Amino acid sequence: MQEIKCPKCGEVFTVDESGYAAIVKQVHDAEFDKEISRREKELKAEKETAVALAVTQAQAQKDKKISELEARLNAYDLDKAAQIERLNTSNALAIAEREQEIQRLTSQIELDKATADSAIERAIQEKDREILQLQNDLSLEQSKFELQEKTLKQTHEAELRRKDEEIAYYKDFKARQSTKMVGESLEQHCETEFNKLRATAFRDAYFEKDNDARTGSKGDFIYRECGADGTEFISIMFEMKNEMDETATKHKNEDFFKELDKDRREKKCEYAVLVSLLEGDSELYNSGIVDVSYRYDKMYVIRPQFFIPLITVLRNAALNALEYRQELAQIRSQNIDVSNFENSLLDFQSKFSNNYRLASEKFQKAIDEIDKTIDHLTKVKEDLLGSERQLRLANDKAQDLSVKKLTRGNPTMQAMFAQLKD
């Protein structure tokens, strides 16, 4: 980040690297155009001054030579007239010599005039070379600017593509939650995830496919676990549902609730869990573990990434309940008032509810952070698009620059360029 201080109000604010580069570029372009204009005016003034000085000097030398030659010619004429008056007859050879001298002097005048014109022409050519050099320098600077603009544009396009890929990734992450369904079915995925932890976390658990279809239907997997005394303390009926994105008729999760509840009761399982990738755009099912017990008793709907966490939560709750059951048996054997058991059970329910609430809040917080990241990347994309528009405007200005516009309002330069063109 760079700090910039406003020259009017004195306020200091920060801009990112792309914004700072855009501001520096705009200032550089303005200063560059101003310097080019100033340099052109100076060269024009220098050329006009040099041409005027050379013309003045050449004209003065020419006038001086002509005056001298005219004075000498007048002297010769006077001398010639005097000799004619003194001598009625003149020597033809002397007259011829005088005529030759006159021709020589006339040739000298023409030569001096040509020399002066040549000096003026050389001065004009020198100034034309300077103008040509300035035009070449201007073309070189313009080429450098176009190269920098092209490089910066390519960099921005690459940055835009990268931001678009990140935005697409986070959107897909929010909808799909990165469940690694490519190349394997949902059932295989869940079974693989469970087997990774079977030897450590679920050593005594039963988790197998439900192959008993004697009642006319069956679930996908059944999870059971017993305590040290052989008493079963938890059982879960799992149903996995997924469909391809190209499927014309989309199913809903609630389409399978009734059948799943029926399987749970027939197989005498305590809980029913639907592991589903259906309704991928639903905010409800993407929010975390969804309790649908208001429709069917002890039923939950989860995404695949919550498969192991839900088993862990229900298992820990059941272990706590197992302790309470053992305590209840002990209390009954000792004829103790069952009110203590009810208080303990209520305390357990309160703790379980609190743990579930905390887990749901943390998941929702993670979803909110993902949304903020998407918004931030969208703003960065808009800033890069704005910078690209500024580059396009700068390029249009550079392309619009021409020698014709530089010489507008300057008759001297226009005449010189016209002469060079002819």
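In the predicted model, arginine 295 counts as partly exposed, with a relative accessibility of 42%. Its side chain forms a salt bridge with glutamate 254, the closest N and O atoms being 3.8 Å apart. Glutamate 254 occupies the loop between strand 5 (232-241) and helix 4, whereas arginine 295 belongs to the loop between strand 7 (290-291) and strand 8 (299-302), so this pair ties together parts that are 41 residues apart in sequence. Glutamate 254 is likewise partly exposed, at 39% relative accessibility.

The protein as a whole has 422 residues, of which 28% are buried. Its secondary structure consists of 9 helices and 8 strands. Among contacts with a separation of 6 or more, 64% involve residues 24 or more positions apart. The accessible surface amounts to about 27,800 Å², and carbon and sulfur atoms contribute 52% of that area.

Side chains of opposite charge can pair when their charged atoms come close. The structure contains 13 salt bridges. One of them joins lysine 196 to glutamate 193, with an N to O distance of 3.2 Å. Both residues lie in helix 3 (residues 186-198), and because they are 3 residues apart, about one helical turn separates them. Lysine 196 is exposed, its relative accessible area being 52%, while glutamate 193 is partly exposed at 22%. A further salt bridge connects glutamate 239 and lysine 241 at 3.3 Å, N to O. Here glutamate 239 is buried, with 10% relative accessibility, and lysine 241 is partly exposed, with 22%.

Helix 4 (residues 257-266) includes arginine 264. This arginine has a relative accessibility of 6% and therefore counts as buried, the limit being 20%. Beyond its neighbours within four places in sequence, arginine 264 contacts Met237, Cys269, Glu270, Tyr271, Ala272 and Asp297. Aspartate 263 is also found in helix 4. Aspartate 263 is buried yet takes part in no salt bridge; lysine 262, the nearest side chain of opposite charge, is 4.7 Å away, and a salt bridge requires a nitrogen within 4 Å of a carboxyl oxygen.

A pair of aromatic rings is described by the distance of the centres and the angle of the planes. The whole structure contains 10 aromatic pairs. In one of these, phenylalanine 207 and phenylalanine 221 have ring centres 4.8 Å apart and planes at 0°, so the pair is stacked. The two residues are 14 residues apart and link distant parts of the chain, phenylalanine 207 being in strand 3 (residues 205-209) and phenylalanine 221 in strand 4 (residues 221-226). Both phenylalanine 207 and phenylalanine 221 are buried.

The rings of tyrosine 271 and tyrosine 300 have centres 6.4 Å apart and planes at 40°, so this pair is tilted. Tyrosine 271 is in strand 6 (residues 271-276) and tyrosine 300 in strand 8, so the pair ties together parts 29 residues apart in sequence. Tyrosine 271 is buried at 11% relative accessibility, as is tyrosine 300 at 9%.

Ring pairs also link Phe194, Phe202, Phe207, Phe221, Tyr223, Phe238 and Phe307 into a cluster. Charged side chains lie over some of the rings described above: lysine 209 is placed over the face of phenylalanine 221, at 5.2 Å from the ring centre, and lysine 298 over the face of tyrosine 271, at 5.5 Å from the ring centre.

Technical notes: Residues are numbered from 1 along each chain as its sequence is written. This is a predicted model: local features need pLDDT of at least 70, side-chain atom pairs count only at pLDDT 80 or more; totals for chains, interfaces and linings use all residues. Side-chain values use heavy atoms; hydrogens and water are left out. Helices (H or I, at least four residues) and strands (E, at least two) are DSSP runs, numbered from the N terminus. Buried means under 20% relative accessible area, exposed over 50%, partly exposed in between (1.4 Å probe, protein chains only). Contact means heavy atoms within 4.5 Å. Accessible areas come from the Shrake-Rupley method with a 1.4 Å probe; for residues, only the protein chains shown count as cover. Lys and Arg count as positive and Asp and Glu as negative; His and the chain ends are not counted. Rings of Phe, Tyr and Trp (its six-membered ring) pair if their centres lie within 6.5 Å; planes under 30 degrees apart count as stacked, over 60 as edge-to-face and the rest as tilted. A charge sits over a ring if NZ of Lys or CZ of Arg is within 6 Å of the ring centre and within 35 degrees of the ring normal.
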